[in-house]
Amino acid sequence: MENSIRQEQIESFGRLMAGFSHDMKNHLGIIRESNGLMGDIIEMNVLGGNETTIDRLKKAIASIESRVCITAIMLQHLSGLAHRSDTPCSSFPVNDLLTEECTFLERFARLKQVKQVLEPGEDIPSVYNDPSLLQHIIYRAYLLCLEQLDPNQSLVIITGRNGKNATITFRLNGISQGSLEKVSFNNLLPAIEKLEGTLKKGGENHNDITLTIPSLSVTEK
Amino acid sequence: MTKIKLLIVDDEIEFASTLAERMELRGIETQIANNGQEALEKVYFSPPDLVILDLKMPDMDGLEVLQGIKALHPSIEVIMLTGHGSTASGIEGMEKGAFDYLMKPVDLNDLLEKLKLAYEKHSKA
């Protein structure tokens, strides 16, 4: 019972976020067109004015356009992120889900002056599993990884495949060897078990944490 | 040279009217409709060559409007605008006869390029 209420909460939250991003795109559309119209008017030299003023206006218009584009991409990812919770289980491309989430996780890295590098692998299989639970695990794992990193180090996130399973590796570049051994990911294990996935530490430099996400058969969930 | 006749259908009045103004500045004869019913009336009484159609509107779904337009004038080419996170809704529109789709907020140059291609197709019909 509690689980189903929780699931409904996640779905509701996802739908609210998706609706929000849709509305924001409409606002952005109006800002973009109004800004574009100002640009058109300036290009046509209807206003007159000296060159310095025109240049300043053009710069301001270009800046608005650039920020609109960045925000539009973020909203695109927010919408994707939100729609993942539409159903408890679905088939989804891991690279897409990760790209959406990393758009928002990058801020945490930036605040800590850690560089986030996303390296999506090729031919990564789509998996049938619980996408919003995976989003939650990625979020928690990402923050735990960040805690281990110092400014000017980097967190590289790599996707790969292991048979029919997809893998996500968090590579903590710059940490001292052996320091990852002391880190506990136990809090994440119940959620990973629910995905029927695994989490392993390893890698050439002992600085990798790899999450394996299986594709469940439809009857399993 | 014949002027392209364009209809912009979007419930966001400010968006539709600003985009229309930009189209007019480029020599495209543009009218606007702020809901599906109004769009179909304009298509019936004063058929445009091309339509820019928002997918999500309160009264009629964009896909319904698309089908209505195609039933009235199959040669009118429709470009759908979608604010949805995925491309699925745009692809569904193309399966139902739309010429193409664009994600909101649109890049004007992309839109003009698609309008040009759509008009070429319309002219051959």
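This is a predicted model: local features need pLDDT of at least 70, side-chain atom pairs count only at pLDDT 80 or more; totals for chains, interfaces and linings use all residues.
Colleague: Which residues make up the two domains of chain A?

Modeller: Domain 1 covers 2-85 and domain 2 covers 90-220. Their contact takes seven residues from domain 1 of chain A and ten residues from domain 2 of chain A. On the domain 1 side, α2(A) provides the largest share, four residues. That side has three nonpolar, three polar and one charged residues by class.

Colleague: How many residues of each chain are in contact across the two chains?

Modeller: The contact joins 20 residues of chain A to 17 residues of chain B. On the chain A side, the elements giving two or more residues are α1 (2-43) and α2 (51-83). The largest share, 14 residues, comes from α1(A). Sorted by class, this side of chain A has six nonpolar, ten polar and four charged residues.

Colleague: How should I read the sheet of chain B, and in what order do its strands run?

Modeller: In general, strands of a sheet pair through backbone hydrogen bonds, in either a parallel or an antiparallel sense. Here five strands of chain B form an open sheet with parallel pairing, in the order β2-β1-β3-β4-β5. β2 and β5 (100-103) of chain B are the edge strands, each pairing on one side only. From one strand to the next, the twist averages 20°.

Colleague: Over how many bridges do β3(B) and β4(B) pair?

Modeller: β3(B) and β4(B) pair over five bridges, in the parallel sense. Leu50(B) stands opposite Glu77(B), a residue of β4(B). As for helices, α1(B) packs on the sheet and touches β1 and β2 of chain B, its direction making about 170° with that of β2(B). α3(B) lies across β1, β3 and β4 of chain B and runs at about 160° to β3(B).

Colleague: Which residues have the most contacts inside the largest nonpolar core?

Modeller: The general idea is that nonpolar side chains tend to be buried together in soluble globular proteins. The largest nonpolar core in this model has 33 residues, and those with the most contacts inside it are Ile8(B), Val9(B), Val51(B), Leu53(B), Val78(B) and Ile79(B). Elements of chain B that each supply at least two of its residues include β1 (5-9), β3 (50-54), β4 (77-82) and α5 (108-124). α1(B) gives the most, five residues.

Colleague: What does Ile79(B) touch?

Modeller: Leaving out residues up to four places away in sequence, the contacts of Ile79(B) include Ile52(B), Phe99(B), Tyr101(B), Leu115(B) and Ala118(B).

Terms used. Residues are numbered from 1 along each chain as its sequence is written. Chains are lettered from A and ligands numbered from 1 in the order in which they are written. A nonpolar core is a set of buried Ala, Val, Leu, Ile, Met, Phe, Trp, Tyr and Cys residues joined through C-beta atoms within 7 Å. A residue is buried if 20 or more other C-beta atoms lie within 10 Å of its own, exposed if 12 or fewer, and partly exposed in between; C-beta atoms are placed from the backbone. Ala, Val, Leu, Ile, Met, Phe, Trp, Tyr, Cys and Pro count as nonpolar, Asp, Glu, Lys and Arg as charged, and the others, Gly among them, as polar. Domain bounds come from an automatic or database domain assignment. Two strands pair if DSSP finds at least two bridges between them. Axes are lines fitted to C-alpha atoms, for helices over the stretch in contact, and angles run from 0 to 180 degrees between N-to-C directions.
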